[in-house]
Amino acid sequence: MNGSFHPLSTPLGDLGAAFDGEGRLIHLVRLHGRPPLQPEGPAPRSLPYLKRQLEAYFSGNLRDFNIPMVAEGTDFQRRVWKELQKIPYGQAISYLELARRLGDEKCIRAAARANGANPIAILIPCHRVIGSDGSLVGYAGGLDMKEFLLRLEGVLPKAPPQPALPLVWD
């Protein structure tokens, strides 16, 4: 095996982190309730840093990640992913705005597809791209994850507290 894979527990459930042979993060995805996976391959030096940075991010104490990573894709996809990394924490842009930032608003569909093909969720903040009307459209990790991340970052208002379950009916 040229790299390694390690599951990570987060407030969103389990994420899967894959690393190349040099220890750079190449994939970070939500595992969507799959059975718990076992680590495969050696733990890269960057794994403890990724864990700490994700913990700090989810607790609201980190805005920018500095984990070594490499996102494999076409030249256009890499351009889109680089542009996503310019969207500041706590802000969101529309898919149309993303296309404009790439220099051609006619490439909106291609930009949306590249956004959806992002292999390194959260660190490459594809969740910060929303519909022109403010709707939370499309997200590979699930719209609940996108909403959670945007609430965490303050783009959306915090959710009201939920009543403790079970509810008692009078």
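**Close-up views of a predicted model**

**View 1. Buried residues of helix H1.** In H1, the buried residues are Leu47, Leu50, Gln53, Leu54, Tyr57 and Phe58. They lie on the same side of H1, because the arc they cover around the axis is only 130°. The partners against which the buried residues of H1 pack are strand S1 (4-10), S2, S3 and H5. H1 itself is made of 12 residues, and from its first C-alpha to its last it reaches 16 Å, close to the 16 Å expected at 1.5 Å a residue. Just after H1 comes glycine 60, with a positive phi of about 85°.

**View 2. Confidence along the chain.** The model shown in these views is predicted. The pLDDT of the chain averages 91, and 90% of the residues score at least 70. Among the elements, S2 has the lowest confidence, at a mean of 93, while H2 has the highest, at 98. Where pLDDT is low, the predicted coordinates should not be read in detail.

**View 3. The largest nonpolar core.** This core has 40 residues. The residues with the most contacts inside the core are Leu25, Leu50, Leu54, Tyr57, Leu84, Ile122 and Leu123. Two or more residues come from each of strand S2 (13-19), strand S3 (25-30), helix H1 (47-58), helix H2 (75-84), helix H3 (95-101), helix H4 (108-116) and helix H5 (143-152). H1 gives the most to the core, with five residues.

**View 4. Surroundings of leucine 50.** Leaving aside residues up to four places away in sequence, leucine 50 touches Leu8, Ala17, Phe19, Leu25, Ile67 and Leu123. Leucine 50 is one of the buried residues of H1, and Leu50 is also among those with the most contacts inside the largest nonpolar core.

**View 5. Proline 42 in its loop.** Proline 42 sits in the loop between S3 and H1. Is proline 42 buried or exposed? Its relative accessible area is 61%, so proline 42 is exposed. Serine 4 is 38 residues away from proline 42 in sequence, but the two are 6.1 Å apart in space, C-alpha to C-alpha. With residues up to four places away in sequence not counted, proline 42 touches Gly3, Ser4 and His6.

**View 6. The two faces of helix H4.** Ala111, Ala114 and Asn115 are the buried residues of H4. Because they cover an arc of only 105° around the axis, they are on the same side of H4. The face turned away from this buried side carries Arg109 and Arg113, which are exposed. The buried residues of H4 pack against H2, H3 and strand S5 (129-130).

Notes
Residues numbered from 1 in each chain as written. Predicted model: local features only at pLDDT ≥ 70, side-chain atom pairs only at ≥ 80, totals over all residues. Heavy atoms only, no water. Core = buried A, V, L, I, M, F, W, Y, C linked by side-chain atoms within 4.5 Å. Buried < 20%, exposed > 50% of the residue type's maximum accessible area, 1.4 Å probe, protein only. Helix = DSSP H or I, 4+ residues; strand = E, 2+ residues; numbered from the N terminus. Contact = heavy atoms within 4.5 Å. pLDDT = per-residue confidence, 0-100. Expected span 1.5 Å × (residues − 1). Arc of directions from axis to C-beta.
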